[in-house]
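Subject: Structure for you to look at

Hello,

I am handing over the structure we talked about. Please open it first; my notes on what was found follow below.

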Amino acid sequence: MPNGPFETLAQARAAESRGRLRGSDALILACAEAGVRLGRFDQRVLDEVGRLESETVWVLASIIRRAGSVGQ
């Protein structure tokens with residue numbers, strides 16, 4: 001469950017509390033794990049999104065990871 005899918009905010013909070021990265025670092029790592037190459041503007045957007053609530057960022061990182069694993 002640490003990587004979702006999440007059905008409730010409580011699940012997302014529990015998974016996020018076990019995570020080691022916060023904010024845009026979690027999103028950038030998720031992109032790297034999913035094989036997504038990032039440009040400077042991409043990173044700028046991730047920095048902005050990384051300022052959202054930590055649970056929201058964690059769920060987005062989880063979605064990126066799961067999307068990247070579909071083709072593997």
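A residue is called exposed here when its relative accessible area is over 50%, and buried when that area is under 20%. Please keep in mind that the model is predicted.

Overall layout. The protein chain has four helices and zero strands, in the order α-α-α-α from the N terminus. Its C-alpha trace spans about 35 × 30 × 20 Å along the principal axes. Of the 72 residues, 28% count as buried. Among contacts with a separation of 6 or more, 62% are between residues 24 or more positions apart.

Helix 1. In this helix, residues 9–18, the buried residues are Ala12, Ala15 and Glu16. Seen down the helix axis they fall within an arc of 100°, so they line one face. These buried residues pack against helix 4 (54–69). The face turned away from the buried side carries the exposed residues Ala10, Ser17 and Arg18.

Helix 2 and helix 4. The axes of helix 2 (residues 24–33) and helix 4 come within 8 Å and cross at roughly 5°. The two helices are therefore roughly parallel to each other. Helix 2 makes the contact with Ala26, Leu27, Leu29, Ala30, Cys31 and Glu33, and helix 4 with Val57, Leu60, Ala61, Ile64 and Arg65. Nine residues of this contact are nonpolar, none are polar and two are charged.

Regards

Conventions
Residues numbered from 1 in each chain as written. Predicted model: local features only at pLDDT ≥ 70, side-chain atom pairs only at ≥ 80, totals over all residues. Heavy atoms only, no water. Buried < 20%, exposed > 50% of the residue type's maximum accessible area, 1.4 Å probe, protein only. Arc of directions from axis to C-beta. Contact = heavy atoms within 4.5 Å. Axes fitted to C-alpha atoms, helices over the stretch in contact; angles between N-to-C directions. Parallel < 35°, antiparallel > 145°, perpendicular 65-115°, else oblique. Nonpolar A, V, L, I, M, F, W, Y, C, P; charged D, E, K, R; others polar.
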